[in-house]
Amino acid sequence: MSVGAQVANPDSPGPSKPVCLALGVVSFLCFVAGFSTGAEFVRFLSFGAIFRNISGGLDAYPTPWGEAVGDAAFLRSLGINVALLVFFVLQHSLMAWPVVKDVVVKMFGVLQRSVYILCTALSLQIMMRYWQSFPRGPYLWNVSAAPWSAWLPLLCALLHTISWLLIFSVLLIFDYAELMGVKQVYYHCQGLGDPLSHKSPRAARLYAHLRHPVYLELLVILWAVPALPPDRLLLSATLTLYLTLVHRLDVQDYSYLRSQLEKKFVLFSREEASAEHGGLWKKD
């Protein structure tokens with residue numbers, strides 16, 4: 001029997017304190033790995049793609065497509081990138097497949113989500129570590145003429161910043177601790193069962209459909225770049241296809257998301273008004 005096997009029973013008193021401590025440490029380490037990898041992924045998708053235009057990291061005289069296709073080194077690097085993308089997509093999809101998910105639950109119990117986050121972080125780290133870039137081109141597009149060579153990277157940086165802020169705001173609407181596997185461990189140690197069992201039917205329906213709720217924002221990040229060399233073209237096209245295939249949110253899900261966002265805004269405004277009122281009371 002795996003550690004935390006009684007997660008399915010909401011009436012259980014929970015495991016002992018040493019077991020809870022061990023589960024908490026493992027869950028926290030997986031959370032740190034996932035969070036740090038997410039920050040690195042932001043750099044990989046945005047900063048590297050945008051600011052190498054500003055810093056002059058791209059060749060002003062790119063290799064023609066005909067010459068590149070016949071270059072063995074070019075094809076080798078392209079093959080490595082394809083293998084890295086296939087590895088990431090397979091890991092990310094297979095571990096979310098119900099059959100594999102049930103096996104992981106049997107092995108790791110309440111740590112299933114934490115293990116998923118850790119494995120996703122590892123696959124992303126491998127992809128980013130061994131990714132082959134093509135600074136000499138060829139490019140599908142490359143804005144190198146003044147004044148757009150200076151203004152377009154700044155415009156792309158603004159679009160990326162807005163998109164990442166929207167992504168983070170959506171993550172805040174959701175239960176971020178639950179998405180990262182921390183809340184499952186806490187509820188398990190308190191004998192409360194699965195956190196999803198405490199959510200409303202609309203929330204449970206959303207979580208059943210949820211894979212990538214920030215579809216449009218990720219598309220902007222993938223394609224809004226000043227230059228599109230072969231590695232970025234391959235990355236953007238593959239992830240766009242993957243996101244399109246797994247994007248299953250419908251109108252009811254978006255309606256629920258909007259209501260939750262409005263509730264968050266009301267909550268934040270009340271807290272701000274309360275803080276201001278408390279400050280005025282102290283002054284009086």
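**Exercise 1.** Which residues make a nonpolar surface patch of about 540 Å²?

*Solution.* Before starting, note that this is a predicted model, where local features need pLDDT of at least 70, side-chain atom pairs count only at pLDDT 80 or more, and totals for chains, interfaces and linings use all residues. Residues are numbered from 1 along each chain as its sequence is written, and side-chain values use heavy atoms, with hydrogens and water left out.

Step 1: Areas come from Shrake-Rupley with a 1.4 Å probe.

Step 2: read off the members, which are Val82, Val86, Leu90, Leu94, Trp97 and Val99.

Step 3: Helix 3 (residues 72-94) gives the most, with four residues, while Val99 sits in helix 4 (residues 98-108). Helices here are DSSP runs (H or I, at least four residues), numbered from the N terminus.

**Exercise 2.** Work out how helix 3 and helix 5 are oriented to each other.

*Solution.* Step 1: take the axes, lines fitted to C-alpha atoms over the stretch in contact, with angles from 0 to 180 degrees between N-to-C directions. The axes of helix 3 and helix 5 (residues 112-130) come within 10 Å and cross at roughly 175°.

Step 1: angles over 145 degrees count as roughly antiparallel, so helix 3 and helix 5 are roughly antiparallel.

Step 2: look at the contact (heavy atoms within 4.5 Å). Helix 3 brings residues including Phe87 and Phe88, and helix 5 brings Tyr116 and Met127 among others. By class, the tally is eleven nonpolar, five polar and no charged.

**Exercise 3.** Find the one salt bridge.

*Solution.* Step 1: look for a side-chain nitrogen of Lys or Arg within 4 Å of a carboxyl oxygen of Asp or Glu.

Step 1: Arg43 pairs with Glu40, the closest N and O atoms being 2.9 Å apart. Both lie in helix 1 (residues 17-54), three residues apart, about one turn of the helix.

Notes: Patches are made of residues with over 30% relative accessible area and no salt bridge: like charges are joined within 9 Å, nonpolar side chains (Val, Leu, Ile, Met, Phe, Trp, Tyr) within 5 Å. Helices (H or I, at least four residues) and strands (E, at least two) are DSSP runs, numbered from the N terminus. Angles under 35 degrees count as roughly parallel, over 145 as roughly antiparallel, 65 to 115 as roughly perpendicular and the rest as oblique. Ala, Val, Leu, Ile, Met, Phe, Trp, Tyr, Cys and Pro count as nonpolar, Asp, Glu, Lys and Arg as charged, and the others, Gly among them, as polar.
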